[in-house]
Amino acid sequence: MALKTGTVDAEENPPETIYSYKYYEAQKYMMLSRHIFTVARYCISDEWFDTLSEDDQKLILNAWKYAQAQIEEKYPDPDEEFIEKCKEEGMEIVEPDNAAFQEIAAPVVKEYSEKNWKEGIYDLINSL
């Protein structure tokens, strides 16, 4: 209702949510900025992991790779399907020039990272 009444002029959600909640009824555009990338993360303590034998470490790492492959096979990314459904409901899909945005934002991000992040994190992220 906030979109319909103009209380807010935008929302941020994945395409599946936009379609499922029928936001296309209240908004005309979907911006595919792709500014958030979410993945399932495996977290493990190096201190604990380093206590394991090399065989046990390999077992865990291989199990993670297997689990990832299974998830990717059984649960493909639904974005394209829901983007298409939103188009069918009349939404206009806008693909901004993300490379230009990244270029403009790069100095600010670098400055922020130098002041707030552990040394090397910025370069590690960019290398990925």
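**Exercise 1.** Is E114 buried or exposed, and at what relative accessibility?

*Solution.* Keep in mind that we are working with a predicted model. Start with the value for E114, which is 55% relative accessibility. Next, recall that exposed means over 50%. E114 therefore counts as exposed.

**Exercise 2.** Find the salt-bridge partner of E114 and say where the two residues lie.

*Solution.* First, look at the side chains: E114 meets K110 in a salt bridge, at 3.5 Å from N to O. Then place the pair: both sit in helix 6 (residues 98–116), four residues apart, so about one helical turn separates them. Finally, check K110, which is partly exposed at 33% relative accessibility.

**Exercise 3.** Work out which parts of the chain are tied together by the salt bridge between K4 and E25.

*Solution.* Begin with the distance: the side chains of K4 and E25 meet at 4.0 Å, N to O. K4 belongs to helix 1 (residues 2–5), while E25 is in the loop between helix 2 (15–20) and strand 1 (29–31), so the bridge ties together parts 21 residues apart in sequence. E25 itself is partly exposed, at 49% relative accessibility.

Methods. Residues numbered from 1 in each chain as written. Predicted model: local features only at pLDDT ≥ 70, side-chain atom pairs only at ≥ 80, totals over all residues. Heavy atoms only, no water. Buried < 20%, exposed > 50% of the residue type's maximum accessible area, 1.4 Å probe, protein only.
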